[in-house]
Amino acid sequence: MIRNDVAITPELVKEHGLKPDEYERFVNLIGREPTITELGIVSAMWNEHCSYKSSRIHLRGLPTSAPWVIQGPGENAGVIDIGDGLACIFKMESHNHPSFIEPYQGAATGVGGILRDVFTMGARPIASLNFLRFGEPDHPKTPHLVSGVVAGIGGYGNSFGVPTVGGSVGFDKRYNGNILVNAMAVGLARTDEIFYAKATGVGNPIVYLGSKTGRDGIHGATMASAEFDESSEEKRPTVQVGDPFAEKLLLEACLELMKSGAVIAIQDMGAAGLTSSAVEMGAKGNLGIELDLDKVPCREEGMTAYEMMLSESQERMLMVLKPGMEKEAEAIFHKWGLDFAVIGRTTDTLRFVIKHQGEVKADLPIKELGDEAPVYDRPWVESPRQPAIAAESVTAPVSEAEALLKLVGSPDQCSKRWVWEQYDHLILGNTVQTPGGDAAIVRVEDGLKGLALTTDVTPRYCEADPFEGGKQAVAEAWRNITAVGGLPLAITDNLNFASPERPESMGQFVGCIRGIGEACKALDFPVVSGNVSLYNETNGQGILPTPAIGGVGLLDDVTVNASMAFRREGEAIILIGATRGWLGQSIYLRDVCGREEGAPPPVDLALEKRNGDFVRQLIRSGQVTTVHDVSDGGIALALAEMAMAGQVGAEITAYPEGFPLHAFLFGEDQARYLLAVDEDVAADILYEAGAVGIPAVTLGITGGDSLILPGRQAISLKQLKAAHEAWLPDYMTGKS
Amino acid sequence: MKSAVIVFPGSNREGDVLRALQSAGSRVEKVWHAETELPQGTDLVVLPGGFSYGDYLRCGAIAGRATVMDAVRAHAARGGLVLGICNGFQILCESGLLPGILMRNANLRFICHRQFLKVERNDTAFTRAYAKGQAIDVCVAHGEGNYTADAETLKRLEGEGLVAFRYSDAQGHITQDANRNGSMNSIAGIYSDKLNVLGMMPHPENLIEDLVGGTDGRGLFESLVSSFPRAA
């Protein structure tokens, strides 16, 4: 019989984040009142983060399979086949709330968590990326958050030894009270050496590995738990503390142990720590799990079962080992100076049994903890449609050149060098394309192949039209991979939204998911892993809907690639794709005209595919090495970036008639690329494009030390570069 | 030629330097920090980049006192070659094999970027493949690379020609702008008295292929390999 020495009051239930009907459901499930440890366990399993209770029914609509997909969503990370017996394993995950409270540790442990997800599956991490959104620059907290988050990401990744090769940084007042810190990790494993969370075999040892368990990270609900343990020390902050050194050791020890053949199943202890990892291994394998908490290595004295089960101390793993191999496994872990303890065994009872100091602290049905979690079809309303804005109705700038100069030096479009120079992006010696380009390229081991990696979404589009915005996020990632010569293979999504309990934000979520699904289907770009982060709001003010997409593509020959830099003088600049001068929701409209309105540019997925496939084939056949996709800021910004990257100017002499110059230069029509090629090749390309009906026009020629826009508006590269590079460093030192 | 790359817990560029040595023609063996001896016939010992023991104490302070360092010191005392890169340089300073110390970068941030170095002399086992005064294009990645020493030590290093590399611009000019971590005299690397121990903050091992940025780092490894007869 389970004793229950803490009374489970309605207040206590509420403090654990369970609604009365959810608690009722749980009591009915177990047929009695739970113990405090059991209440903690169910609150961890049934919260939004672990149970996906608000998002699950909508996520089902996402395409998750393709011939090259080895493992879709549901494991620690997604797995795709990249040929030669190799698999690419990757995932993106948010650490938004912790990073707002304690930016350095929040961001650092975000990176640590996602790296762990990847190497748990047997992969050695080879690249890391991120997606960051901060509040408006003028907000007093913003510089401190930027500084802390960037240092935290660098601090963890640099020490762990993985190159941080790409990412996205942006600012908006809608993130003032709720920043976004999404981290993505990419690893490599042999396709026949991938490890999963599913436990098998009855009576097999369950082993605890890594760092010791402390009171850090025990969820906020325990703030209220003083009443059941008044003697406990002062409450630790709920943000965990990262130790990249321990993680590096854990990586090496885990990979060495996996090689030994001793591992049956493995699960990292991430959110909800020991609880979630143990339940998942048992539930997936249709087995019960029995744990003896007296065996758990603890950092602090007198930890209760409740605390151990909910601790989110970092750098820990749980494994099911082949019986008889404990000694060998232990030797490997002790070599790396890490804790190793057999803390339980698998059973055939389908019960999750927790023992501590001779008492049973919890005895719960294991399958139901996961499967019977509540699922909600929350009410949602469609976001109101925004009218399309006619280009003619948007004020022309006094000078297009001045407008462009303003944009290249604006917080969102300026160089993020200040950020990525704090990340070791060169370690491992395989970074073919460094941060700042359309997509990063990382060579696969010593071979010929390469991976193209990117993180993208345009939140203002998602807010104006969730469906089109969702499509655009996927299309943009697909386009960025294409622009470097990669074949887009799969994505991981990190869905950051406001409260699902408000029908408007739930509507944004539903709309974005539908758009993402549609684009993934049309572009053969399935979702293989992801993370949902809801309740991103403060005082009722939600963030912009931000479904960040992490894309992975493959280059069969990594030496055949493209980058955005103009390389030579006298090359023809070709625009691929149709221009209508779409200014609704454009950067020009927002940052030059001060208007945040209109419908975002529509995404025609068939055109995306056709234009992108055409450009990729030009790169792969060696005809083109200078390519840049056209996105925020339109053609003008893309040209400026190409000129600055290569330190070669350009003159734009022609532009299609029929709409105002500023709409041509700053419009954000989709499915477009800029190329620079030898003039002879240009003629061939225009001919080939014409033959298959792809719009392609020559805009001008590279050369000189200025960017000259139509109407002889010249901006020197020096001016452009100064504006582009200055904003962020000046801002961080309080100069701007 | 045979190299021993020492692996401390927290080393993370051991694979990078191993690849650079192998591609220059060296045989390479990894040596665990807890070993008490170097492999038979070791010509060169390399202390790679990383965050040994997490570098939660002073960088390199614990590694400088690791078991294997006695063997490394003995190897150096016999005139054997030792190369410390980044964390390896910090470890050499902590272990007493090189003078001075690496402080936090002047801007107090970790920095990773391409960096030109001026090769101060090309008559050592490490630099014979370069020209004297040549500016080589490599990279840095460190939070604590700000070389600092007392006035007397600096005077001796300069006077005896023990400065190996300085941060420079692309033309080999020593400028304030090129010295981003704030090192005294723009020092990026130094030799021991007998020129057999080199510590340097930049990473030549990451610039050995055109595909990943360039080949200016190769010269250092080719110099080392060419210092030994092919049969060895």
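Predicted model: local features only at pLDDT ≥ 70, side-chain atom pairs only at ≥ 80, totals over all residues.
**View 1. Seven strands of chain A form an open sheet with mixed pairing.** The order of the strands is β8-β10-β7-β11-β9-β12-β13. At the edges are β8 (263–268) and β13 (359–365) of chain A, each of which pairs on one side only, and neighbouring strands of the sheet are turned by 20° against each other on average, with direction ignored. Within this order, β9 (residues 288–292) and β11 (residues 339–347) of chain A pair in the antiparallel sense over four bridges, and A:Ile289 has A:Thr346 in β11(A) as its bridge partner. Helix α3 (residues 36–45) of chain A lies across β12 (351–356) and β13 of chain A, running at about 40° to β13(A). Strands of a sheet pair through backbone hydrogen bonds, either parallel or antiparallel.

**View 2. The largest nonpolar core holds 318 residues and includes residues of chain A and chain B.** The members that touch the most other members are A:Leu453, A:Val474, A:Leu639, A:Ala643 and B:Ile6. Domain 1 (10–55 + 196–371) and domain 2 (562–736) of chain A both give residues to this core, so the core lies between them. The C-alpha centres of domain 1 of chain A and domain 2 of chain A are 52 Å apart. If residues up to four places away in sequence are not counted, A:Leu639 touches A:Ala650, A:Ile652, A:Leu674 and A:Leu707.

**View 3. A:Leu534 is a buried residue in a loop of chain A.** The loop in question runs between β18 (527–533) and β19 (537–538) of chain A, and A:Leu534 counts as buried because it has 23 C-beta neighbours inside 10 Å, where 20 or more are required. Leaving aside residues up to four places away in sequence, A:Leu534 touches A:Glu48, A:Ser54, A:Phe497, A:Ser499 and A:Pro500. The C-alpha atom of A:Leu534 is separated by 29 Å from that of A:Gly436, and these two residues are 98 residues apart along the chain.

**View 4. A:Asn539 and B:Leu195 have positive phi values although neither is a glycine.** Phi is near 50° for A:Asn539, which is placed in the loop between β19 and β20 (541–542) of chain A. With 6 C-beta neighbours inside 10 Å, A:Asn539 counts as exposed, because the limit for that class is 12 or fewer. For B:Leu195, phi is about 65°, and the residue is found in the loop between β10 (187–191) and β11 (197–200) of chain B. B:Leu195 is partly exposed, with 19 other C-beta atoms within 10 Å.

**View 5. Nine strands of chain B form an open sheet with mixed pairing.** The strands follow the order β2-β1-β3-β4-β11-β10-β9-β6-β7. The edges are taken by β2 (27–32) and β7 of chain B, each with a single partner strand, so one side of each is left without a neighbour in the sheet. From one strand to the next, the twist averages 25°. At the β7(B) edge of the sheet, β6(B) and β7(B) pair in the antiparallel sense over eight bridges, and in this pair B:Arg114 stands opposite B:Cys139 in β7(B).

**View 6. Chain B meets chain A through 22 residues of chain B and 23 residues of chain A.** On the side of chain B that touches chain A, α1 (14–24), β6 (111–119) and β7 (135–142) of chain B each supply at least two residues. Sorted by class, that side has ten nonpolar, seven polar and five charged residues. Two of the elements that contribute here, β6(B) and β7(B), are also the strands that pair in the antiparallel sense over eight bridges.

Methods. Residues numbered from 1 in each chain as written. Chains lettered and ligands numbered in written order. Pairing = 2+ DSSP bridges. Axes fitted to C-alpha atoms, helices over the stretch in contact; angles between N-to-C directions. Contact = placed C-beta atoms within 7 Å. Core = buried A, V, L, I, M, F, W, Y, C linked by C-beta atoms within 7 Å. Domains from an automatic or database assignment. Nonpolar A, V, L, I, M, F, W, Y, C, P; charged D, E, K, R; others polar.
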